[in-house]
Amino acid sequence: MGKDIHTAEVNQFFKAVLTLKTIDECYAFFEDVCTINELLSISQRLEVAHMLTENRTYLDIAEKTGASTSTISRVNRSLVYGKDGYKIAFSRMDGDGSKN
């Protein structure tokens with residue numbers, strides 16, 4: 001099947017992410033770790049997921065985000081069959097008002 005992401009290196013990466021305390025720290029870290037395109041792609045998928053949870057159409061999402069229908073479909077699969085990562089993040093973001 002797929003690759004196992006539960007590795008020591010991934011654990012170390014997640015521990016590093018969990019040390020970040022501000023948006024500026026996140027920018028500094030992720031600009032060092034990711035390419036601009038990787039960061040923009042991750043951000044786009046998060047926005048797609050948010051719009052899908054608002055029951056927006058694929059056409060509307062594609063027009064607003066520039067995401068392909070295959071990306072939208074992949075994100076939708078994660079929302080339906082995934083591990084609820086988006087749901088956890090969105091519920092916590094709702095709590096502090098930062099999703100907007």
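**Helices, core and aromatic cluster of a predicted chain**

Read along the sequence, the protein chain follows the pattern α-α-α-α-α-α. The secondary structure thus listed comes to six helices and zero strands, where helices (H or I, at least four residues) and strands (E, at least two) are DSSP runs numbered from the N terminus. The model is a predicted one, in which local features need pLDDT of at least 70 and side-chain atom pairs count only at pLDDT 80 or more, while totals for chains, interfaces and linings use all residues. Residues are numbered from 1 along each chain as its sequence is written, and side-chain values use heavy atoms, with hydrogens and water left out.

Taken along the principal axes, the C-alpha atoms of the protein chain fill a box of roughly 35 × 35 × 25 Å. The protein chain exposes about 7,900 Å², of which carbon and sulfur atoms supply 55%; accessible areas come from the Shrake-Rupley method with a 1.4 Å probe, and for residues only the protein chains shown count as cover. Of the 100 residues, 15% count as buried. Buried means under 20% relative accessible area, exposed means over 50%, and partly exposed lies in between (1.4 Å probe, protein chains only). Among contacts (heavy atoms within 4.5 Å) between residues at least 6 apart in sequence, 32% join residues at least 24 apart.

The largest nonpolar core has nine residues in all: V48, A49, M51, L52, I61, A67, I72, V75 and F90. A nonpolar core is a set of buried Ala, Val, Leu, Ile, Met, Phe, Trp, Tyr and Cys residues joined through side-chain atoms within 4.5 Å. The elements that give two or more residues to this core are α3 (36-53) and α5. Of these, α3 gives the most, with four residues. Residues up to four places away in sequence not being counted, T71 touches Q44 and R45.

The structure holds five aromatic pairs. Rings of Phe, Tyr and Trp (its six-membered ring) pair if their centres lie within 6.5 Å; planes under 30 degrees apart count as stacked, over 60 as edge-to-face and the rest as tilted. The pair of F13 and F14 is tilted, because the ring centres are 5.8 Å apart and the planes stand at 50°. F13 and F30 form an edge-to-face pair, with 6.4 Å centre to centre and 85° between the planes. This second pair links distant parts of the chain, as F13 is in helix α1 and F30 in helix α2 (residues 23-33), 17 residues apart. Ring pairs link F13, F14, F29 and F30 into a cluster.

F13, which lies in helix α1 (residues 8-19), also takes part in a nonpolar surface patch of about 250 Å², made by F13, F14 and V33. F13 counts as partly exposed because its relative accessibility is 30%. F14, at 43% relative accessibility, also counts as partly exposed.

Terms used
Patches are made of residues with over 30% relative accessible area and no salt bridge: like charges are joined within 9 Å, nonpolar side chains (Val, Leu, Ile, Met, Phe, Trp, Tyr) within 5 Å. A salt bridge is a side-chain nitrogen of Lys or Arg within 4 Å of a carboxyl oxygen of Asp or Glu.
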